[in-house]
Amino acid sequence: MSYSHYTMGSGSRTARRTFEFGRTYVVRPKGKHQATIVWLHGLGDNGSSWSQLLESLPLPNIKWICPTAPTRPVALLGGFPCTAWFDAGELSEDGPDDWEGLDASAAHIANFLSTEPPDVKVGIGGFSMGAAMALYSATACALGRYGNGNPYPINLRAIVGLSGWLPCSRGLRNKIQVSHEAARRAASLPILLSHGTCDEVVPYKFGEKSAHSLNIAGFWNLTFKNHEGIGHYTVPKEMDEVCSWLTTRLGLEGSR
């Protein structure tokens, strides 16, 4: 188990929560190590199931790191505890954002990538809530800071989000456009979003809206793919697209 300490100042008093993350699964590259991607599971899942799928992909130059989220009460499930990267209520811009949970998980993910060799390109991908977490990390990378104001330390080179949504979208455009550096980073970060049109868990409209919100905020290097008739799961065609996209964007060699 690993622990992430998150401190938030409130006047003279300090609120502190500790998040206990579960087991991390690592898939080693079968060829030359050119890229490392942290891949994030969905609500109630763990890193093991995705590590098995990722190991089967024809991407021999990628090292995959598949952490497991902390177990916590989730408002969306009526307070029932399960593995979750952050607390989530209704999937709308009107709901409150769990900045504390988002920042703690984003820092946990960044810690994995901070120890990778300097010549290895790094990225984040995920499914459902894991995709939401990947997109939050993308915004932190562009802004150069977490929601709590602490510096974001990683230069991300690729983001993949399957069947997810964008948390903390309110005001994102204004935050990015007031900084030339943030606008530059946003415009250059490659993002692949993919969503099934018959998703009954995270409706397709949320994926579509997230892509639009990112685009108008300045994330122009973004590809959005829809999958007709697909629900809240991934299919071989979608993963083939992920493989092709990563190979191109990260300049990988030796992939079949």
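Patches are made of residues with over 30% relative accessible area and no salt bridge, where like charges are joined within 9 Å and nonpolar side chains (Val, Leu, Ile, Met, Phe, Trp, Tyr) within 5 Å. Under this rule, Leu43, Leu76, Leu77 and Phe80 make a nonpolar surface patch of about 360 Å². This is a predicted model, in which local features need pLDDT of at least 70 and side-chain atom pairs count only at pLDDT 80 or more, while totals for chains, interfaces and linings use all residues. Residues are numbered from 1 along each chain as its sequence is written, and side-chain values use heavy atoms, with hydrogens and water left out.

**Surface**

- Accessible areas come from the Shrake-Rupley method with a 1.4 Å probe, and for residues only the protein chains shown count as cover.
- Phe80, one of the patch residues, is found in strand 7 (residues 80–83); helices (H or I, at least four residues) and strands (E, at least two) are DSSP runs, numbered from the N terminus.
- With a relative accessible area of 53%, Phe80 is exposed; buried means under 20% relative accessible area, exposed over 50%, and partly exposed in between (1.4 Å probe, protein chains only).
- Thr247 lies in helix 7 (residues 236–249) and is partly exposed, with a relative accessible area of 22%.
- Thr247 and Lys121 are 126 residues apart along the chain, and their C-alpha atoms are separated by 12 Å.

**Salt bridges**

- A salt bridge is a side-chain nitrogen of Lys or Arg within 4 Å of a carboxyl oxygen of Asp or Glu, and the count by this rule comes to five.
- Asp98 forms one with Arg72, the closest N and O atoms being 3.8 Å apart.
- Asp98 lies in the loop between strand 7 and helix 2 (99–114) and Arg72 in strand 6 (residues 71–74), so this pair ties together parts that are 26 residues apart in sequence.
- Both Asp98 and Arg72 are buried.
- Arg170 and Asp97 also meet through their side chains in a salt bridge (3.3 Å, N to O).
- Because Arg170 lies in the loop between strand 9 (158–162) and helix 4 (172–177) and Asp97 in the loop between strand 7 and helix 2, the pair ties together parts that are 73 residues apart in sequence.
- Arg170 is partly exposed at 42% relative accessibility, and Asp97 is partly exposed at 23%.
- In helix 5 (residues 180–188), Glu181 and Arg184 lie three residues apart, about one turn of the helix, and their side chains meet in a salt bridge (2.8 Å, N to O).
- Glu181 counts as partly exposed at 36% relative accessibility, as does Arg184 at 43%.
- A network of salt bridges links Glu181, Arg184 and Arg185.

- The structure holds one cavity of 30 Å³ or more; on a 1 Å grid over the protein atoms alone, a cavity is a set of points where a 1.4 Å probe fits but cannot get out, and lining residues have an atom within 4 Å of a point.
- About 50 Å³ of space lies in the largest cavity, where grid points are joined across faces, edges and corners and a volume is the space filled by probe spheres set on the points.
- Residues lining the largest cavity include Leu135, Trp165, His195 and Phe224.
- Strand 10 (191–196) and helix 6 (204–217) are the elements that give two or more residues to this lining, and strand 10 gives the most, with three residues.
- By class, the lining has four nonpolar, seven polar and no charged residues; Ala, Val, Leu, Ile, Met, Phe, Trp, Tyr, Cys and Pro count as nonpolar, Asp, Glu, Lys and Arg as charged, and the others, Gly among them, as polar.

Note on methods:
On a 1 Å grid over the protein atoms alone, a cavity is a set of points where a 1.4 Å probe fits but cannot get out, and a pocket is an open set with protein on both sides within 12 Å along at least five of seven lines; lining residues have an atom within 4 Å of a point.
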